[in-house]
Amino acid sequence: MRLTPGTEAVFVPAADGVARHGRVAFWGPDVDNDGWIELVLRGRSGIRRRQVPARMVPVQEALPLLLTNPTDASLTVRVWSVAALAGLGLMARGRIVPARTADGYGSWRVGPLDPYDHDWLARMTTAMPVRAYAVPLGDKHIHQPGELVRLFWDALADTFVRTSGAPTAVDAPAFTTAEPAKIAGPLDWLDALDQSEHAGVRVVLRLEVPDDDAESWMAVVQLRSIADPSLILDAEELWHAPAAVVARFGEDAESDLLLALRRGARAWPPMGPILEQESPTAIPLDDESVEDLLGDGAARLNNAGIDVLWPANLLVEEVKLKGGMEAPKSLTEPAMTMRSLLRFSWRPTLSGEVLTEDEIAELAAAKRSLIRLRGRWVKVDRALIGKLRKQRDRQLTGLEALSAALTGEIDVDGETIEFEAAPEIARLADRLSTMDTESIDTPAELRATLRPYQQRGLAWLNAMTELGLGGCLADDMGLGKTIQLIALHLHRKSGPTLVICPTTLLGNWERELAKFAPHLPVRRYHGGQRHLDDLRHDEVVLASYGVVRRDAETLATIDWGLVAADEAQHAKNPLSRTAKSLRRIPAAARLALTGTPVENRLSELWAILDWTTPHLLGSQESFRKKVAIPVERYGNQEATEKLAKVVRPFLLRRKKTDPGIAPELPPKTETDQIVQLTVEQATLYRAIVEEILAQIEEAQGDMDRRGLIFKLLTALKQVCNHPAQYLHEDGPIGNRSGKLAALEELLDVIVAENESVLVFTQYVEMGRLLEKHLAGRGIRTLFLHGGTSPRQRDEMVERFQRGEVPVFLLSLKAGGVGLNLTRASHVIHYDRWWNPAVEDQATDRAYRIGQTKPVQVHKLITEGTVEDRIDTLVKSKRALAEAVVGGGETWLTELSNQELADLVRLGQDVEVAA
């Protein structure tokens, strides 16, 4: 079991009174439940008992979980983690004693506590949230937090003291056996210990909520046995109880009670009148006194040895704030949800129901923190009244309101509260959830027949842009994002469209527009003679990201009907010049096209959607703290689901493997080809590991350490590829690399069978070595990399597609997007990017619509190396990667030195090729 930020914890004492039978209950969205617990929790209808699915863990198994909880664990988990450490500390100090339960069983407990321990316990339990001790006690109350911690400590003691050495300390089976056992016969030493150590009581004030006719609260005095906390007696019964009953609390129970009440009166003056009673039993309290108890009064009494037992219904009735808004006048304006300012309002609620104006006025006029409202006692936070006044003039953008409507929550001044949207916004949110099922006719001017999923994509794009919302079309590569955008331009007829794409794709867009909409005026805004003179209303302008960076001011002078960013991951860094330039270009609607909305981090998704639909995901810093870190680092399910609720309507994602998307596509087979290192590779590999790990051990500062880790990874990847790449050699490279030998074998078979293949590598230098080596073996190749001009690129693609050259070498950065290479029936990843999204995108150059042959994907992995181990890790996290959490390599810098060493060291049993 693993604790996540959404996991809650509470200790549940054993029902049979055997301390070690107590369990720590973990519950939450990520917990694998095996039972149910009853808790007193707040819900929409107020505070009530609820059956909560939970995992019940014995204290022996729960202890490691509590002591290794994540840094952003829930407050309840952290509370019980602190309690566990304190309990172990007491046991280490020898504060453990044998005891006899009320039913005569042998038990171990923590004690006795010194004044410092009592003070620490009081301060700790005062800070405990109600959810950490909301375990019912009887029909009307919940456990007092200090009492529950003591029971937890007793469970620890009763569990861990029963070791093989226990019989040498206590010669009685009831204190050493695993199964509960009653103490056989009288034990003089235990009886003496009971009288000296266990005798005594803990005084409890049990608050009773007044009914409608009562004039005041009542604090009933009770006694709880220190020896057996389950033994409780009202003081009124104590004064009239038989001697045998009183004896169970100790001979000095009466004097202990009176002394405790005197200490309590000094610590908390409202308790003074009880001392005037001849036989103290209860004390009436006014509202002011109860308010003081709700403050620090209970803590002061606890320090004096008196516990306060609160009624469960008092703790749950509390006025909360809900966010609301005034209804917009109209939703007919296309840009309403992006630009309109709507008035935000606080809405106080009680048990989920919004209070009336009269009730709000009563709250504002209240002089106390405890008032009667709707026949119930209500605790009112004075800060809440301040918020009601302070936030009257707050405004939301329409898109902020829409985002809040999708999740039902809104962040205000760092606090997340429930949000209730105006009916018009709520209806729009409902419509967004079914937007991809809408339909429109294909434009008559389009010279193509759209596939059903493309037709749905066109309708979705049209609906989003009509509302001025924008969005991201994130179809897999090869599913026709280009043709869907062309169809949208033809349908909208709302002004010129600006398409921004990598320079290498300008020619591809021109060809696609000429093919599917030959009558459209198309302008390539690129090169030294570029201009926007005489721009037509229906024109499509093509520009590269580089040109946008230079000409943002010129492009911003046009009233664009639509701006589309193709391969939008090029603007994934919101602080880059590219992203800033894009934001300066106004448009009636913005669309992002990308097959990989997230390559490495969720911040990339934020950057894309904040451009298409500003403010949808909040500020970048808020998104990082509340979404990116919980999802990426801890896999928090609640944060993931909340993100999906907001993102899903604005991001249309279809995969080739989805049912009915591309049924005509042939099968794709992926194979891991495990290869051995040569002796030369293994020698270099080990030397590099030892040298750079030693440097990392001595690194000063995080930046130096990260730099050395990337240096190490790069060097090891190069050695795994070929020693000549690492050593920067140009000479013959045959017989020196296990990967090269495997590539030669594959290519011999592929070329002999007259098939074509794509070979991807991250490194241009490795590509050049392969190009030269394969030419020497008589294999014709093409090599596309970042230095290839657009004209050369187009020529290479045409030659390969015509079958003139069987092997196409591509650097992953330059050839991983924007190419249609369906001639290839094989794809070889010579080295690994360690990011499934990027590798899939490269594979999709061949595995796309138009491919008629089965595609075989070969991934070369050197055995026992960092490649081998990271491949295993990536596969284990593939599901998370596909849920918009990317891989990349930056996470490796967060590993400890030992974890890094375990990852990169060459396996001791790895064989090397001769």
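1. Basis. The model is predicted, so local features need pLDDT of at least 70 and side-chain atom pairs count only at pLDDT 80 or more, while totals for chains, interfaces and linings use all residues. Residues are numbered from 1 along each chain as its sequence is written, and side-chain values use heavy atoms, with hydrogens and water left out.

2. Overall. The protein has 35 helices and 36 strands (DSSP runs numbered from the N terminus: H or I of at least four residues, E of at least two). Of its 914 residues, 54% count as buried (under 20% relative accessible area, 1.4 Å probe, protein chains only). Among contacts (heavy atoms within 4.5 Å) between residues at least 6 apart in sequence, 70% join residues at least 24 apart.

3. S825. This residue sits in the loop between α31 (812–815) and β34 (826–829). S825 is buried, at 4% relative accessible area. Its side chain makes a polar contact with the side chain of E755, at 3.1 Å (a pair of N or O atoms within 3.5 Å; within protein, one must be able to donate a hydrogen and the other to accept it, and residues adjacent in sequence count only if both atoms are side-chain atoms). Leaving aside neighbours within four places in sequence, S825 also touches residues including S756, K853 and Q856.

4. Strands β5 (residues 96–100) and β6 (residues 106–110) run antiparallel, joined by five bridges (pairing needs at least two DSSP bridges). P98 has W108 in β6 as its bridge partner. Five residues separate the strands, and G104 takes a positive phi near 90 degrees in this hairpin.

Technical notes. Buried means under 20% relative accessible area, exposed over 50%, partly exposed in between (1.4 Å probe, protein chains only).
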